[in-house]
2 protein chains.
Amino acid sequence: MTEPARDAPVVVTGGAGAIGSVLVRRLLDAGRRVEVLDNFSTGRPEALPRDAARLRVTECDLATDPPEAPFRGAGELWHLAANADIRRGTREPETDLTNGTLATFRVLERARRADIPRVLFSSSSVVYGLAKTQPTPEAYGPLLPESLYAAAKLAAEGLVSAYAHSYGLRAYVFRFANIVDGRMNHGILYDLFAKLARDPNELEVLGDGRQAKSYLRTEECVDGMLTVAERASETVNVYNLGAVDRISVREIAERVVAAHGGRATIRYTGGAQGWVGDVPLQLLAIDKVRALGWSPRLTSAETIDRTIAELSARASAGSA
Amino acid sequence: MTEPARDAPVVVTGGAGAIGSVLVRRLLDAGRRVEVLDNFSTGRPEALPRDAARLRVTECDLATDPPEAPFRGAGELWHLAANADIRRGTREPETDLTNGTLATFRVLERARRADIPRVLFSSSSVVYGLAKTQPTPEAYGPLLPESLYAAAKLAAEGLVSAYAHSYGLRAYVFRFANIVDGRMNHGILYDLFAKLARDPNELEVLGDGRQAKSYLRTEECVDGMLTVAERASETVNVYNLGAVDRISVREIAERVVAAHGGRATIRYTGGAQGWVGDVPLQLLAIDKVRALGWSPRLTSAETIDRTIAELSARASAGSA
């Protein structure tokens, strides 16, 4: 197991996405060359720096036949590409199998054949399912996914682990809380803003509003990943990344309405699980990543407030 | 979530295999109609009763397009089909993706479309990887597979759980110890017998002989599954099935040599992990299944002895 050379390029799948594009900037700032692979289904070309001499972007479908060239000589693979719409995965069961499990297998095969020594994978807290232990530690089991999206994340974790053990790579698995920022075009805040843009008088909220989760800003999430990537050295390194606390959907909805002038009536659709596949209560134990020297700076409420401010500014600018 | 009608047929994938064929006999004995799906890669037609009026056998490839007809009106799906050769999965990484993960997805889709209310899946202790807790309970985590076979089992567990939660099925996940009997054509005992048939003077054993695992007879395993299927009633029911103790590879090899007249010299290839992808130490906590009223009757050593006797008889009969 060799450490990657500092001048070897870094492959980032989903590099034009919400988290990937922030990671790519950090890698470029650190002097790395970066190969982005993205199908631009949720990622946007304009999220990436345009003129960076050290950045190459390849549009491709990872699940069928990702190109070999970007992997050649690379020192690391950051595999962040995935379907971002959990509910679509329930309606169309092939979605996460293809864009999650199969895509992960294909890029791991590319990494193996190119002798890439390190693979870093963006998993999710959803692998825990409805965890009976909260905050939920990395050692929690059994892992009983609620959604096909979560099942694909678990499948990908298993593949990453098996590739590491069978073919001599080192692997990093990050289990994310809800990651948000004002540039995203999916997720609860984006959805609530879009609903209010359509009807400023009523805001429909899925569930009874008591679902409560932890939220982490994208830049904090990327910072946490880079810290773990630098400091953890097991064959497979599994780390939760989340905030220290939760915030309820009711509190989020009320903050969104307040940011829109307080006019809208909130209508809850009822049910403890907001939608099929949802994990209504989520709080991650982050002792393990803290022991490496990283902690979130913002609470979930602060993260939500900052992101609402960004989305409000974006809406005012007419680009929402 | 409705209970299956007692007269509805039961679908068994891998029904001609070592475990499947024993299960099929038990289901037929209980008066059920059975639909077997098998590609006969390791399963054998002769393992099934020939003239049972209540048994239909369909040869098919589950990973591409399993036929719809056997699923129509079925009350249960027992999904036992899988690649049985872990080392092949390391050499040919597509093997377990196709025959494990994809096949599981395709049969779950069939089950969903046919409104089959119960799915029962044969997983494996290998999902635990090199578990730091032994005996290993069902709640152990994180699950870090060593092999692509193990990764496919974990992926399939996740799919089964997601289908149960998303589409209203009830699911059973069985994590098996090493399951053995004298009819099998794979596994450590079969391999050691085959090696001695080729060279009666030397027996090569992969690893240092100190690998130690628990072994369960096929008929005990099937009995355990049927007990859990009858008595457990969570949405997703995860149960270990294994013996109360372990036996080392060295002890197994010595017993096999003794059964062959004690002539052969045992040659260990060295290394704590016998082969890439192996889990050298495995003992499952079985408190959970015991609480349902099932316990193994044989120790691992008794299971090995009985199976060696069967393999010896088979070798004498010239059919090994």
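Before I start counting: I call a residue buried if 20 or more other C-beta atoms lie within 10 Å of its own. I also note that this is a predicted model.

Entry one, helix H1 of chain A. With that cut-off, I find Ala18(A), Ile19(A), Gly20(A), Ser21(A), Val22(A), Leu23(A), Val24(A) and Leu27(A) buried in H1(A). I then checked the length of helix H1, residues 18-29 of chain A: at 1.5 Å a residue, its twelve residues should span 16 Å, and the end C-alpha atoms are 17 Å apart, so the two agree. Just after H1(A), I noticed that Gly31(A) has a positive phi of about 90°.

I located Ala103(A) in helix H3 of chain A, residues 94-113. Is Ala103(A) buried or exposed? I get 27 other C-beta atoms within 10 Å, so Ala103(A) is buried. Skipping neighbours within four places in sequence, I list its contacts as Leu62(A), Ala63(A), Ala81(A) and Thr98(A). I also looked at Pro145(A): from Ala103(A) it is 42 residues away in sequence and 19 Å away in space, C-alpha to C-alpha.

I laid chain B on chain A: a turn of 180° and a shift of 0.0 Å along the axis do it, with an RMSD of 0.0 Å. The copies are therefore related as by a two-fold rotation axis. Both copies use the same surface, since 100% of the contact residues of chain B recur in chain A. Which residue of chain B comes closest to the rotation axis? I find Ala155(B), with its C-alpha at 2.0 Å.

Methods
Residues numbered from 1 in each chain as written. Chains lettered and ligands numbered in written order. Predicted model: local features only at pLDDT ≥ 70, side-chain atom pairs only at ≥ 80, totals over all residues. Helix = DSSP H or I, 4+ residues; strand = E, 2+ residues; numbered from the N terminus. Expected span 1.5 Å × (residues − 1). Buried ≥ 20, exposed ≤ 12 C-beta atoms within 10 Å, placed from the backbone. Contact = placed C-beta atoms within 7 Å. Least-squares fit on C-alpha atoms with pLDDT ≥ 70 in both.
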